[in-house]
Amino acid sequence: MPAPSRGRLTLSTTPQSAADPRSKEYITASNRRASAELASDYALLGAQLKRRGIDIDALCQRVGEFAVALPSWGVGTGGTRFARFPGLGEPRNVFEKLEDCAVVHALTGATPRVSLHLPWDACEDYGALKAHAGKLGLGFDAVNSNTFQDQRGQAQSYKFGSLTHTAAAVREQAVAHNLDCIRIGQQLGSKALTLWIGDGANFPGQQHLARAYERYLDSAARIYAALPSDWRLLIEHKMYEPAFYATVIQDWGSSLLAAQTLGPQALCLVDLGHHAPNVNIEMIVARLVHAGKLGGFHFNDSKYGDDDLDAGSIDPYRLFLVFNELTDAQWRRVPELRPAHMLDQSHNVTDPIESLMGSAIELTRAYAQSLLVDREQLAAYQDSNDALLATQTLKRAYTTDVAPLLARARELRGAAIDPLATYRASGYRAACAQRRPAAAGGSGGGIV
Ligand code: LRH
Ligand code: MN
């Protein structure tokens, strides 16, 4: 255990025995051991990239600016409909969730904002919450509404839908909830509302497919009308679940049509797990970029359904190909392209902090590798239909081990060269287990 460091971040809730993995001194102390080794690895990679006409320091600068938002619901242990097996020292409220998010940001340097989910993160005083986040070095990204669960004492049930329900009173309630989310988001400094609804049908004929979509457009237009002028509405599509035959906003086509119908502040959010296996997601990204409607991402990975696994854990090449489309669009100077990068994962068997750190690093890796693509060369091979050299040009970037570059960018941001080792050495989780006794009876089903 590293020597206790001066100037520990004295949050009243900070666990007593452990080192605080958010403290700069603690991170600098733990970096000291790895710094020299990193310097030689970085120099070696620098020499290799120089031969490819790439300046590693300029690249390190750009990689150091990459950021992805954390899902507040991702710092607790997730589950499935079968069971949830709570982990040690779980955050018990949104304030503790932010403290765990601050650990991820302190150690990776790449997650300065948190995306809240309401009412899961509802609290008495959003001013206090904003101040608490500020003290932790965090801000807020898009807020997420929730009309896919009934809350205790709720007047109208969402069993048969929310914004598209056949009963106006239910749609009314769902619209009102989204307006509440916007008001809360404004207090926190958010600039976007992520709108995902589970509305749909389990059987053919159960729902009128066209009328349900018209009801969606009508309800969403009322939410859109309440958006502050500098806000975005991020429409999230999903192929299935909880509806198992038809989902109103089932695919990027339904989402794009809605965004085009609603107006310029309405954009499409791509959750990587919301597609059938083998769907070409980077192609969907290219189309939404073309339409000027790419608003953001929920990054995760999956093998079968909406598995919400750690980003880059199953198909890292696909993740690279998504960033390749984004970096190519930047290179082509596509205007107004600033998608909100957010993680949306469910950590059922790992320490959520470790998974979120790993995923932030995998996204930064995919972004860094996309910056290594020789786009002039690639365009030449594409134009001359040299298929092999074209695909090898991408593979060369993807197979470049950029680990020293990522670590150096973290070190320069005051983050950890080795976030996982630094986190585990701090004993943070064990200390949280002492300080946050597990809530009784936690192993029921459900994603959070
Ligand atoms: C739906 C979803 C959506 C969130 C929820 C936690 O599957 O991806 O983004 O509201 O997960
Ligand atoms: Mn999502």
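This is a predicted model: local features need pLDDT of at least 70, side-chain atom pairs count only at pLDDT 80 or more; totals for chains, interfaces and linings use all residues.
**Entry 1: helices α2 and α13**

I began with helices α2 and α13, and I noted that their crossing is right-handed. The contact between them is made by I56, L59, C60 and V63 of α2, together with L405, L406, R408, A409 and L412 of α13. When I sorted these residues by class, I found 8 nonpolar, no polar and 1 charged. I then looked up the geometry of the pair, and the axes of α2 and α13 come within 9 Å and cross at roughly 65°.

**Entry 2: how covered α13 is**

I next asked how many of the residues of α13 are buried. The count is 7 of its 10 residues, and I therefore wrote the helix down as mostly covered, keeping in mind that buried means under 20% relative accessible area. The buried residues are P404, L405, L406, A407, A409, R410 and E411, and I saw that they pack against α1, α2, α3, α10 and α14. Just after α13 I also came upon G414, which takes a positive phi of about 80°.

**Entry 3: helices α1 and α13**

The axes of α1, which covers residues 24-51, and α13, which covers residues 403-412, come within 9 Å and cross at roughly 130°. The two helices are therefore oblique to each other, because angles over 145 degrees would be needed to count as roughly antiparallel. I noted the crossing of α1 and α13 as left-handed. On the α1 side the contact uses N31, S35, L38, D41, Y42 and L45, and these meet P404, L405, A407, R408 and E411 in α13. By class, I recorded 6 nonpolar, 2 polar and 3 charged residues in this contact.

**Entry 4: helices α9 and α10**

I turned to α9 (residues 316-331) and α10, which pack at an angle of about 50° with their axes 8 Å apart. These helices are therefore oblique to each other, and α9 passes α10 in a right-handed crossing. From α9, the residues L319, F320, F323, N324 and T327 meet E362, L363, A366, Y367, Q369 and S370 of α10. The contact of α9 with α10 divides into 6 nonpolar, 4 polar and 1 charged residues.

**Entry 5: the nonpolar cores**

Which members of the largest nonpolar core touch the most other members? Among its 111 residues they are Y216, F299 and L405, and the largest share of this core, 9 residues, comes from helix α10 (residues 352-370). I listed the contacts of Y216, leaving out residues up to four places away in sequence, and found L163, T164, L195, I197, I235, V248, I249 and A258.

**Entry 6: L267**

I finished with L267, which has its place in strand β9 (residues 266-271). Is L267 buried or exposed? Its relative accessible area is 6%, so I noted L267 as buried. Leaving out residues up to four places away in sequence, L267 touches R232, L233, L234, I235, A259, G292, K293, L294 and G295. I also compared L267 with S370, and the two are 103 residues apart in sequence and 24 Å apart in space, C-alpha to C-alpha.

How values were computed: Residues are numbered from 1 along each chain as its sequence is written. Chains are lettered from A and ligands numbered from 1 in the order in which they are written. Side-chain values use heavy atoms; hydrogens and water are left out. Axes are lines fitted to C-alpha atoms, for helices over the stretch in contact, and angles run from 0 to 180 degrees between N-to-C directions. Helices (H or I, at least four residues) and strands (E, at least two) are DSSP runs, numbered from the N terminus. Angles under 35 degrees count as roughly parallel, over 145 as roughly antiparallel, 65 to 115 as roughly perpendicular and the rest as oblique. A crossing is left-handed if the near helix is turned anticlockwise from the far one by less than a right angle, and right-handed if clockwise. Contact means heavy atoms within 4.5 Å. Ala, Val, Leu, Ile, Met, Phe, Trp, Tyr, Cys and Pro count as nonpolar, Asp, Glu, Lys and Arg as charged, and the others, Gly among them, as polar. A nonpolar core is a set of buried Ala, Val, Leu, Ile, Met, Phe, Trp, Tyr and Cys residues joined through side-chain atoms within 4.5 Å. Buried means under 20% relative accessible area, exposed over 50%, partly exposed in between (1.4 Å probe, protein chains only).
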